[in-house]
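Hello,

Here is the structure I said I would pass on. My notes on it follow below.

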Amino acid sequence: MALVNIVNMVVLDNPTYFSNPFQFEITFECLQELDDDLEWKVLYVGSAEDSTHDQTLDEVLVGPVPVGVNKFVLQADAPDFSSIPENDILGVTVVLVTCSYKDQEFTRVGYYVNNEYAEQFDPEVGPPKPLDSAKVMRQILADKPRVTRFPIDWGSGVPATTGTPQEGIQTQDEDGEIDNEQNMNEDTAEESIDMEQDEEEEEEEEEADDAESVEGFVEEADEATTLKSGMEINTQSNSMITAE
């Protein structure tokens, strides 16, 4: 059982200039008093092909954390423009917001980011080089964040969670807020699967049907990671969003 759950995350000041800070309004629920602070990080993927260009934009300790619902704004400076390969500045990349407890990452929220040059240029020639950072616009694609939860040992008499990371694509409303109704639907679906698995112990045919259903769900999740433009980020990179 996770003692901390993200209830909502809103992307602020979006779209904006590349040099402006990232801002995320985070609402999370703490179910039990914690022995230690929560560590929040903002990471920017500088290149999909080389993780050495990834940048940790900020690291913040939040605590002591009161039991109940908490809200704060996590702000991080823009990436170091000069540390990003020039060919990777424009186009699609990823920004990650992670949270850890006692050096154990238990949740990660990833967003696709699209950087475009603000001035018109000849598409056959490309924008003028070197790129002027003051003319690069950044837009976070906040409508479909990828949320990943990792099982960790919370201590304090709480049984250690087990299993593999759980991944989900969550939609957001017009204000950029995560749709928690989908989360509840997913939880209900998981409970239904568990009930079916109990019955399937006696009926092999139902096992086959459930396997097909789960396979279909995975295929839908894979399709949801595709950007509207048809572009995809290589999720196999260890700097990208991991499977939930």
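Asp103 sits in the loop between S7 and S8. Helices (H or I, at least four residues) and strands (E, at least two) are DSSP runs, numbered from the N terminus. Phi of Asp103 is near 65 degrees, which is positive although the residue is not glycine. With a relative accessibility of 75%, Asp103 counts as exposed; the classes are buried under 20% relative accessible area, exposed over 50%, and partly exposed in between (1.4 Å probe, protein chains only).

This is a predicted model: local features need pLDDT of at least 70, side-chain atom pairs count only at pLDDT 80 or more, and totals for chains, interfaces and linings use all residues. Residues are numbered from 1 along each chain as its sequence is written, and side-chain values use heavy atoms, with hydrogens and water left out.

Backbone

Asp13, in the loop between S1 and S2, also has a positive phi, near 50 degrees. Asp13 is partly exposed, at 39% relative accessible area. The loop between S1 and strand S2 (16-17) holds Pro15 as well, and the peptide bond from Asn14 to Pro15 is cis, with omega about 0 degrees. A cis bond also joins Gly63 and Pro64, with omega about -5 degrees; Pro64 is in the loop between S5 and S6. For context, most residues other than glycine have a negative phi, and most peptide bonds are trans.

Overall layout

The protein has three helices and 10 strands. Read from the N terminus, the order is β-β-β-β-β-β-α-β-β-β-β-α-α. Of the 244 residues, 36% are buried. Among contacts (heavy atoms within 4.5 Å) with a separation of 6 or more, 66% are between residues 24 or more positions apart. The accessible surface is about 13900 Å², and carbon and sulfur atoms account for 45% of that surface. These areas come from the Shrake-Rupley method with a 1.4 Å probe; for residues, only the protein chains shown count as cover.

Sheet

Three strands form an open sheet in the order S1-S3-S6, with antiparallel pairing. Its edge strands, S1 (4-12) and S6 (68-76), each pair on one side only. On average, neighbouring strands in this sheet are turned by 20 degrees against each other, direction ignored. Axes are lines fitted to C-alpha atoms, for helices over the stretch in contact, and angles run from 0 to 180 degrees between N-to-C directions. Two strands pair if DSSP finds at least two bridges between them; S1 and strand S3 (residues 22-30) have eight. In one of these, Ile6 is bridged to Phe28 of S3.

Core

A nonpolar core is a set of buried Ala, Val, Leu, Ile, Met, Phe, Trp, Tyr and Cys residues joined through side-chain atoms within 4.5 Å. The largest one has 41 residues, and those with the most contacts inside it are Phe24, Ile26, Leu34, Leu38, Trp40 and Tyr111. At least two residues of this core come from each of S1, S3, S4, strand S5 (55-62), S6, S7, S8 and S9.

Beyond four places in sequence, Ile26 touches Asn8, Met9, Trp40, Asn70, Lys71, Phe72, Leu74 and Val97. Leu34 lies in the loop between S3 and S4 and is buried, at 12% relative accessible area.

Salt bridges

- Asp35 and Lys102, at 3.9 Å from N to O. Asp35 is in the loop between S3 and strand S4 (38-44) and Lys102 in the loop between strand S7 (91-101) and strand S8 (104-117), so this pair ties together parts 67 residues apart in sequence. Asp35 is exposed at 53%, while Lys102 is partly exposed at 38%.
- Lys135 and Glu119, at 3.1 Å from N to O. Lys135 is in the loop between S8 and strand S9 (136-149), as is Glu119, 16 residues away. Lys135 is partly exposed at 28% relative accessibility, and Glu119 is partly exposed at 40%.
- Glu105 and Arg108, with the closest N and O atoms 2.7 Å apart. Glu105 is partly exposed at 25%, whereas Arg108 counts as buried at 11%.

Regards

Definitions and conventions. A salt bridge is a side-chain nitrogen of Lys or Arg within 4 Å of a carboxyl oxygen of Asp or Glu.
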